[in-house]
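Dear colleague,

Please find below the structure that I am handing over to you.

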Amino acid sequence: MNEFTKEVLRLAGDEVKTCIQCGTCSASCPTAHLMDNSIRKLVKFVLEGMKDEALNSRSIWLCTSCLACTVRCPRGIRPMAVVSALKQIYEAEGMRNRDSIHEEIFNRHIKERGRVSEFFLSAEYMLRNPQSAAQIISFGAELIPRGKIDIEIRPDSIEGRDEVKRIFEELGGA
Amino acid sequence: MKLAYYPGCVARATGKEYEISTRSVCSALGIELEEIDDWNCCGATHVSNELVAVGLAARNLARTELPVMTGCSICYSKLRSAVLRLEDNGVKRKVNSVLEREYTGAEVKHLIEVIMEVLEGADDGVIASLEGLKVAPYYGCLLTRPCGGIDSPENPAVLEKLLRTLGAEPVDFRLKMKCCGGPIFMTEEAAASDTAFKILECAKESGADAIMVVCPLCHLMLDANQHAMEKKFGAEIDLPVLYVTQLTGLALGLGVEELGMGMNSVSPAPVLEKLEAARGAEEEEGEVC
């Protein structure tokens, strides 16, 4: 078992080893038909130590975190936790794409302020990924006139932001 | 009944009408909400590190002694998942080493459970009824997942039951459990819209007058994004998407303003007209008798 496999098992649970490749996870996945490698295949890559194949799969970023795979797995594996583990390793390896940039901004906003402002999240994502501008602007044009997004000057922070920061720093490294 | 209320970040932005209608309905039903002081984001589906996600939820849960209620299915799922993980003493010890207030255990409820509880105990006269209205009950993904929550993750019936209690007719809705794609909308628009549009088409085919949702992200995908998707896929849907609290509020006789109905992207006017017509007919009938 190589280091990559060990790390995924540490993050997603040792029971991943018991996968029988039945494909129930893939059959339950709402975005499976759009994926390059199905969730079943991702688990196989992990168990075979095929790090590059796993980390370069677009599938990781098409997971909607709906947990359909997780409630159905006959072996009690949490396939979504495998995807989460792959996202963490992807970021730890210094790999970047538009999806991981979004995750990075989302996490940083919680870490720094305790809450997420949809206005600042969208604004920063648009700056970092200008290709998303048309989509975000047209969505904003739908929502802002309805009073559903306030144009904020400065993002709010909660009082307990230092505690939240410690949650990320002290629990995130474990 | 007094509960701790966890609004979640979206309640303060794109889900404002959910928050407005939640407060109005709870007040009408005699449910007192005490907002958790200085609550933080639950991390939604974007915090991949499991222990951090559990820590974020635990900080919120440790800030009250009351049962915690939320209307957002994502927050509900994250808070509930954390309670399950925190049953492991090792996890609880690690998390408590960081928290200012110790987590000792918590009860998490979805708004629907609370509404059902009150309505089931109420007199029949409380409800003005949604008679004549056909509604597609949309569960989405995280209301029932992981297991052990409000209802079965495979074949739930709680929303149908609620609709019948309100006097509406739940239609048979094949894709009621299929995820709306909301969590990846910002980054993977094509995939998310592909998923959401299938749900809208299915609801339309079911003959519903409206879709009922229980999560602000589902609402964003099916309501706010509906016109854009109609254009993209070249098909007309024009189906109002109402929050569970908006429908409950209408059944209780609350006004459209109290229910934030002016904020919905797809006009709820056809639903209101149908209800008015049904009530008018009922009154006329009463006069004849």
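**Contact between the chains**

In the interface of the two chains, 62 residues of chain B are in contact with 57 residues of chain A. Please note that this is a predicted model. The size of an interface is often given as the accessible area that is lost when the parts come together. For chain B and chain A the buried area is about 5100 Å², and carbon and sulfur atoms give 57% of it. On the side of chain B, the residues B:H46, B:V98 and B:M186 supply 14% of the area buried against chain A, more than any other three residues.

The rule finds 8 salt bridges across the interface of chain B and chain A. One of them joins the side chains of A:R72 and B:E154, with N and O 2.7 Å apart. Between chain B and chain A there are also 31 residue pairs in polar contact, both residues being at pLDDT 80 or more.

Several helices of chain B take part. At least two residues each of the side that touches chain A are supplied by α1, α2 (50-61), α3, α4 (89-96), α7 (189-205) and α8 (216-224) of chain B. Of the elements, α2(B) gives the most to this side, with 6 residues. Sorted by class, the side of chain B that touches chain A has 27 nonpolar, 17 polar and 18 charged residues.

**The two domains of chain B**

Chain B is assigned two domains, domain 1 (2-111) and domain 2 (124-287). Taken over C-alpha atoms, the centres of domain 1 of chain B and domain 2 of chain B are separated by 24 Å. Their contact takes 26 residues from domain 1 of chain B and 30 residues from domain 2 of chain B.

Between them, domain 1 of chain B and domain 2 of chain B bury about 2200 Å², and 72% of this area comes from carbon and sulfur atoms. In domain 1 of chain B, the residues that lose the most area to domain 2 are B:E17, B:Y18 and B:R80, which together account for 26% of what that side buries.

How many salt bridges are counted between domain 1 of chain B and domain 2 of chain B? The count is 0 salt bridges. On the side of domain 1 of chain B that touches domain 2, the elements giving two or more residues are α1 (16-28) and α3 (73-85) of chain B. The largest share of that side, 9 residues, comes from α1(B). By class, the residues of this side of domain 1 of chain B divide into 11 nonpolar, 12 polar and 3 charged.

**A sheet in chain B**

Chain B also holds an open sheet of 4 strands in the order β6-β5-β7-β8, with parallel pairing. The edges are taken by β6 (169-170) and β8 (241-243) of chain B; each has a single partner strand, so one side of each is left without a neighbour in the sheet. Strand β5 (residues 134-137) of chain B is joined to strand β7 (residues 210-213) of chain B by 3 bridges. Across this pair, B:A136 has B:I211 in β7(B) as its bridge partner.

**The two domains of chain A**

Chain A is likewise given a domain assignment, with domain 1 (3-92) and domain 2 (98-172). The C-alpha centres of domain 1 of chain A and domain 2 of chain A lie 27 Å apart. Here 5 residues of domain 1 of chain A are in contact with 4 residues of domain 2 of chain A. The two domains of chain A bury about 390 Å² between them, with 49% of it on carbon and sulfur atoms. In domain 1 of chain A, the residues A:R58, A:W61 and A:E91 lose the most area to domain 2, together 79% of what that side buries.

Across the interface of domain 1 of chain A and domain 2 of chain A the rule finds 2 salt bridges. A:R58 forms a salt bridge with A:D99, the closest N and O atoms being 3.3 Å apart. Helix α7 (residues 79-92) of chain A gives the largest share of the side of domain 1 that touches domain 2, namely 3 residues. The residues of that side of domain 1 of chain A divide into 2 nonpolar, no polar and 3 charged.

With kind regards

Technical notes:
Residues numbered from 1 in each chain as written. Chains lettered and ligands numbered in written order. Predicted model: local features only at pLDDT ≥ 70, side-chain atom pairs only at ≥ 80, totals over all residues. Heavy atoms only, no water. Domains from an automatic or database assignment. Contact = heavy atoms within 4.5 Å. Buried area = accessible area lost by both parts, 1.4 Å probe. Salt bridge = Lys/Arg side-chain N within 4 Å of Asp/Glu carboxyl O. Nonpolar A, V, L, I, M, F, W, Y, C, P; charged D, E, K, R; others polar. Pairing = 2+ DSSP bridges. Polar contact = N/O pair within 3.5 Å; in protein donor to acceptor, adjacent residues only side chain to side chain.
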